[in-house]
Amino acid sequence: MNFDKEVIRWNTNATKYKNAEEIIPMCVADMDFLSSEHLRNDLVLKLTKSIYGYSYISLDFYNSIIKWIKVEYNWNIKKENILYSQSVLSSITSAIQSLTDINDDILLLTPEYHAFFYLITRNNRNVIECPLKEYERNYSIDFSILESLLTKKTKVLLFSSPHNPIGKVWTYEELKELGNFCLKNNLIILSDEIHADLTFQRLKHIPIASISDDISNITLTFNSPSKSFNLVGLTLSYIVGTNKEYLSKIEKQLTINLYNKVNVLNEFNLINAYKQINWLNELKKYLNDNILISNNFFLHKKSKIKFNIPDATYLIWLDFREFNLSNDEIEKRLLENAKVRLLNGNDFCNMGEGFFRMNIALPRKKLKRALEQINNEFNKINHPIKNSLNE
């Protein structure tokens, strides 16, 4: 489990490294680590022995998910509660298409995962942003604002749990209040839980559908081992729901969209990924150390760049607001001078000015190099170099 090993990803068609010559890309949410050696070896063996014909989902696929969710989250689900889909975004797209109508409103707790915005608007639904309440870079839900945004067209709350980009693990009390709010206001909950396995500080993710039977009945949960085990390019996911009517509608839409066509390797990879608990635990320790190293670095440098240590994910929500620069100016400095690419905070909400999302899932030597380059560039603003003519 050598997470310090630098893997060359140039000329591999990696999205993160496209047009990134001499740039350290810390933007796209995949990891610069080799996947589990056991998983890779099993995959090679599968490739050498299989005929790559049409495939179907086996009972082992469902049992692997059922066991993982029971052991990791103490949530009991059944085979009939699970649908296969090619990706979480494909699943959410099909849920939106089948459970809402054109011009319906979909609530987001912002800042929120940037892909949700175009997923909603491209399907001719309306994004309604409910800004999370911020206090010293900690975030909570303001239910008075959330309630004020409701209209007759509001059908769905779509949110990430754990949260992307702020890395928050929602507490039981927060999830219960949110679930009961949605019950009271006849809202369907679409919960993207793809980062559920990547929690730190002994925190445990709680699926919102596990809070109560009533909340479960209005919730669709979207998950995949792809983030946790660095398999995002292999596109595999599943949907969990207890409402038979909702699942039936989504299943029909998945079929129309051709999102439920089984890749011969997807089932195999999920089953094997959920056996790699030791690898995952080592990964989480490495990621958590990378987060703490990043935090200590900025504290030691007395930088104006701040962030709240996330509870989960390998993503950091960097706060550049003390520099009083626009995001365009910050991005230009990052790319042209610091040679680092982050994701612009304006992609995550209407009030993202001053924020950027940074992916720390890379070997430590490379992470430290990126942090130094960022600090050196923005330290010039704190301590500008004097021009000899002005001395």
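This is a predicted model: local features need pLDDT of at least 70, side-chain atom pairs count only at pLDDT 80 or more; totals for chains, interfaces and linings use all residues.
Helices are DSSP runs of at least four residues, numbered from the N terminus.

Among the contributing elements, H1 gives the most, with three residues. Sorted by class, the lining of the largest pocket holds 23 nonpolar, 16 polar and eleven charged residues.

Helix H1 turns up again in the second largest pocket, where the largest share of the lining, three residues, comes from H1. This pocket has a volume of about 250 Å³. Its lining consists of 16 residues, with Met 1, Asn 2, Ser 35, Glu 37 and Trp 279 lying nearest the centre. Alongside H1, helix H10 (277-300) also supplies two or more residues to the lining. The classes here come to six nonpolar, six polar and four charged residues.

The axes of H2 (residues 59-73) and H9 (residues 266-273) come within 9 Å and cross at roughly 35 degrees, and the crossing is left-handed. On the H2 side, Asp 60, Phe 61, Ser 64 and Ile 65 take part in the contact, meeting Glu 267, Leu 270 and Ile 271 of H9. Together, the residues of this contact comprise four nonpolar, one polar and two charged.

Terms used
Residues are numbered from 1 along each chain as its sequence is written. Side-chain values use heavy atoms; hydrogens and water are left out. Axes are lines fitted to C-alpha atoms, for helices over the stretch in contact, and angles run from 0 to 180 degrees between N-to-C directions. A crossing is left-handed if the near helix is turned anticlockwise from the far one by less than a right angle, and right-handed if clockwise. Contact means heavy atoms within 4.5 Å. Ala, Val, Leu, Ile, Met, Phe, Trp, Tyr, Cys and Pro count as nonpolar, Asp, Glu, Lys and Arg as charged, and the others, Gly among them, as polar. On a 1 Å grid over the protein atoms alone, a cavity is a set of points where a 1.4 Å probe fits but cannot get out, and a pocket is an open set with protein on both sides within 12 Å along at least five of seven lines; lining residues have an atom within 4 Å of a point. Grid points are joined across faces, edges and corners, and a volume is the space filled by probe spheres set on the points.
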